[in-house]
Amino acid sequence: MSEPHVQGALRLGTRRSKLAMAQSGQVADAVSQVTGRPVELVEITTYGDTSREHLAQIGGTGVFVTALRDALLRGEVDFAVHSLKDLPTAQPDELALAAVPKREDPRDVLVARDGLRFCDLPEGARVGTGSPRRMAQLNAYARSHGLRIETVPIRGNIDTRIGYVRNGQLDAVVLAAAGLSRIGRIDEVTDFLPVDMVLPAPGQGALAIECRAGNTAEAAALLAALSELDDPHTRGAVTAERSLLAALEAGCSAPVGALADLLADGQIVKEMRLRGVVGTTDGSTLVQLSTTGPVPETYDQAMALGRELAAEMLAKGAAGLMGERAH
Ligand SMILES: NCc1[nH]cc(CCC(=O)O)c1CC(=O)O
């Protein structure tokens, strides 16, 4: 396995999509700053980019990530940038999660025709999303508020999905705020969905910077340099969220939402809160719970909070709601 040349350019493995290129470009600039070395983007095609199947069908876990990880393991690139929500919870021993930079807005948003907000969608409105998590929560909200919508499974990149609204095939699509903001289309949002209506995917809005966990001095130096981009608060929060996901034994295409945040009393941060949801895609059943604990001082403590909430959710029947793909 070749380690980076100390003098030469660092190679950043990235997917080709507009979103991936935008987030890799940002990280490349930041890594150049902390290492003083140029960063070269190496484009890699993943299974998730070429397969036309619905993510819920292909199982989801790792479809956008595996090819990037293989390139890292083969020494073809020095580090990779992933959307954290696409990263499987199991961390291979040969790779290190070097940094989780500060998270952007974790919310899901609606891009609807005619500036419509979710509550103003007409009877029978067609709302595009391929995500079982979004379907479950939107359908549950609609049921409890006397709205009748139809969720329509779609996939494709952000431009394709917004295109279904612009060409009149759908009334609205649901997307992550962070993705829209990174590709410069946040202005097209017509409704920011509150997290108590739709809990985001574990890790949504955060990036993951991964490199080899080699035991050479060069590998250690790169890991140390990349870790300067880590935001410990974001990392603590997403660690709790991903621990919940792992303890539910659910993959990234399972109908699981999770969000950790800090509860403050005035200026003083008191506790970390972790909220979680799992439900059936038709929205007829949701298990939605929240727990709080001391602000974690170690990642083990953050993981314990996730496991604790998972145990409570499982006791309330969460396992039965996740379907056969929940492995
Ligand atoms: N599954 C695709 C994906 N992976 C990350 C994002 C958005 C950016 C993020 O959550 O960090 C998206 C698009 C979307 O859900 O709208």
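Student: What makes up the shell around the ligand, by class?

Tutor: In this predicted model, the shell has 3 nonpolar, 4 polar and 2 charged residues. Gly counts as polar and Lys and Asp as charged, so Lys85 and Asp86, both around the ligand, belong to the charged class.

Student: Which residues are around the ligand?

Tutor: They are Ser83, Lys85, Asp86, Leu175, Ala176, Ala178, Gly179, Gln204 and Gly205. Each has its C-beta atom, placed from the backbone, within 6 Å of the ligand. Strand S8 (172–176) and helix H7 (177–182) are the elements that give two or more residues to this shell.

Student: Why is the ligand said to lie between domain 1 and domain 2?

Tutor: Domain 1 (10–100 + 206–230) and domain 2 (108–192) both give residues to the shell, so the ligand lies between them. The chain also has a domain 3 (236–318).

Student: How many residues of domain 1 and domain 2 are in contact?

Tutor: 8 residues of domain 1 are in contact with 10 residues of domain 2. The cut-off for a contact is C-beta atoms within 7 Å. The centres of the two domains, taken over C-alpha atoms, are 29 Å apart.

Student: What supplies the side of domain 1 that touches domain 2?

Tutor: Helix H1 (18–35) and helix H3 (55–58) each supply at least two residues of that side. The largest share, 4 residues, comes from H1. By class, the residues of this side are 4 nonpolar, 3 polar and 1 charged.

Note on methods: Residues are numbered from 1 along each chain as its sequence is written. This is a predicted model: local features need pLDDT of at least 70, side-chain atom pairs count only at pLDDT 80 or more; totals for chains, interfaces and linings use all residues. Domain bounds come from an automatic or database domain assignment. Two residues are in contact if their C-beta atoms, placed from the backbone, lie within 7 Å.
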